[in-house]
Amino acid sequence: MTDAGQQGALSREFIRISRLRKIFGPGTASELIALKDITCSIREGNFVSIVGPSGCGKSTLLRILAGLLDYSEGSVTMDDQPVRGTRRDVGVVFQNSILLPWRTVLDNVMLPAEVLGLDIKAARHRARELLAMVRLEGFENRLPGELSGGMQQRASIARALLHDPRILLMDEPFGALDAMTREQMNMELQRIWAESRKTIVLITHSIPEAVFLGDVVFVMTARPGTLERVIPVDLPRPRNMTTMSAAAFGAKTQEIRALFNHAGAFD
Amino acid sequence: MSEMTTVSRGANATKEGAAARPKMRRPVSPKIYSLILLVALLGAWEGGVKLFQVPQWLLPPISDIAVALWNGFATSPFARDGFWYHSFITTAETVLGYLAGCGFGLALGVTISQTQSLEAVLRPFIVAFQSLPKVAVAPIIVLWLGFGLASKVAIVALLTFFPVLITALAGFQAVEPERIELLRSLSASRWHIFTKVKFWTALPFIFAGLEMAAAFAVVGAIVGEFVGAQAGLGVLILQLDSAMDVGGSFAVFVILSLMGIALSAIIRALQNRVLFWQPRQQSQRTINL
């Protein structure tokens, strides 16, 4: 691809979601509308945060994007190709790191290469590079049980990047971490995003985290899950701890919090 | 490869840790107390039998048993009245039956677990067969397969088959759904989901089954030999009993328990190698299930 082509791709809409609806157990007594008429788009290279209270269907949306879940109505496209089933150019980071305890850190990061049938030698080289990027150099031969929670989640981010996916889907990746580690991980993730130039979709229930990391924040509300508003975040990058105490940052988080209050999410 | 390095590094770390604190008093190992207790019990046995003049057919003195062991093993390996020959027969029956039973149980467990509906259909049958006391079938098997090695191998296989099958099925069911989802997110095939995740997650369960089966294996061989055989330690016990050689019988018991200990020690060693990633506490808990 030429430089001009890449430039074009960067500004292009990568993912389009149109009138997306997901109903669990349709026609049964326990029928549940998880997602109702979601319409949005995600640009290539953007960092999108999706924030919302529990039960707003944000994880469902992520699983649909990952191809792990079918949808009921509407359309989801990546590069104008409808999303039906899992794709090789998607990397997923789950809430728990889900490292396999019998594999060393390096072998865990190598898992996608084995499953996708990539060249093992090249992949091992890349795995070491990625582990260095997530600052786990020297831990390659440790077992996951020997790592802290934050280190485990960093290893799982390296694993999700191994097969060089175009998009990284993250489902509340730092939800299980303590507040201090979580702030550190936010800084790390911003750096990883800047270095890898991936499109990232991050699910979170932390408003400050969503604003701190996102180019744009999708605000979702619950019962039924709807996309309440798309809020662009134009804070300068790289963002750091002082960003969080800036007035503009406070204004953004306040704006989002007000949306939830208005929707009655905190009643 | 990498697994090996991890294990050896772990071992080194422990050694270094021990070396770093040479001044600390090492607590006396419970093994020492066990040994002292054993010697005391054997001494009391010998002394008690001699003191109260217990008849030899009721309870032979330890020295009789030791002498019987010595005489039994001081024969040619091929002598039909020596311990070597009979021990070899029983060991062969136990090991062959164990391998066959465990292998078949594991293979069937893997096959059944691949299809959920098949497992649902077969489960009542498995439960029904499991609740049948397998030793009750031993006479029929001897009738079918004769007095030779085959019938005993079949009985041992039958006894070891079920624990492995049941634990394997439980293990494959215990796989965390999120691990499967991780593999699915990578478009993994069913084969990959099995080899990369399911099998490994089931391994601790399977080992619990293998250890249970090891205890059953020797029982199966002896019961088979009681029912009908030409050679083996079970046959030897019957012969010694009818000759009122109680010391000899006790000597055979010693051999049998050594066989059982050896078999489960092998399984445990294998388990420690394969399940190096499991915290010791956790694997212990699985075994006690």
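**View 1. Chain B, overall make-up.** Of the 289 residues in chain B, 32% count as buried; a residue is buried if 20 or more other C-beta atoms lie within 10 Å of its own, exposed if 12 or fewer, and partly exposed in between, with C-beta atoms placed from the backbone. The model is predicted, so local features need pLDDT of at least 70 and side-chain atom pairs count only at pLDDT 80 or more, while totals for chains, interfaces and linings use all residues. Residues are numbered from 1 along each chain as its sequence is written, and chains are lettered from A and ligands numbered from 1 in the order in which they are written. Chain B has 12 helices and zero strands, where helices (H or I, at least four residues) and strands (E, at least two) are DSSP runs numbered from the N terminus. Among chain B contacts between residues at least 6 apart in sequence, 75% join residues at least 24 apart; two residues are in contact if their C-beta atoms, placed from the backbone, lie within 7 Å.

**View 2. The side of chain B that touches chain A.** The contact takes 21 residues from chain A and 18 residues from chain B. On the chain B side, α1 (2-20), α8 (177-185) and α9 each supply at least two residues. Helix α8(B) gives the most, with seven residues. By type, this side of chain B divides into seven nonpolar, six polar and five charged residues. Here Ala, Val, Leu, Ile, Met, Phe, Trp, Tyr, Cys and Pro count as nonpolar, Asp, Glu, Lys and Arg as charged, and the others, Gly among them, as polar.

**View 3. The largest nonpolar core.** This core has 127 residues; a nonpolar core is a set of buried Ala, Val, Leu, Ile, Met, Phe, Trp, Tyr and Cys residues joined through C-beta atoms within 7 Å. Its largest share, 18 residues, comes from helix α9 (residues 190-227) of chain B. At least three residues come from each of domain 1 (11-89 + 169-267) and domain 2 (91-165) of chain A, with domain bounds taken from an automatic or database domain assignment. The residues with the most contacts inside the core include A:Ile50, A:Val109, B:Ala213 and B:Ala217. Leaving aside neighbours within four places in sequence, A:Ile50 is in contact with A:Lys58, A:Leu61, A:Val201, A:Leu202, A:Ile203, A:Phe218 and A:Met220.

**View 4. Helix α2 of chain A.** Eight of the eight residues of helix α2 (residues 58-65) are buried, so the helix is largely enclosed by the rest of the structure. A:Gly67, with a positive phi near 80°, follows α2(A).

**View 5. Two cis peptide bonds in chain A.** The bond from A:Arg223 to A:Pro224 is cis, with omega near -10°. A:Pro224 sits in the loop between β9 (216-221) and β10 (226-232). The bond from A:Arg237 to A:Pro238 is also cis, with omega near -5°, and A:Pro238 is in the loop between β10 and α9 (241-245) of chain A.

View 6. A:Asp79, in the loop between β4 (73-78) and β5 (81-82) of chain A, has phi near 55°, a positive value in a residue other than glycine. A:Asp79 counts as partly exposed because it has 14 C-beta neighbours inside 10 Å. A:Glu172 is not a glycine either, and its phi is positive at about 45°. This residue lies in the loop between β7 (167-171) and α7 (179-196) of chain A. A:Glu172 counts as buried, with 21 C-beta neighbours inside 10 Å.
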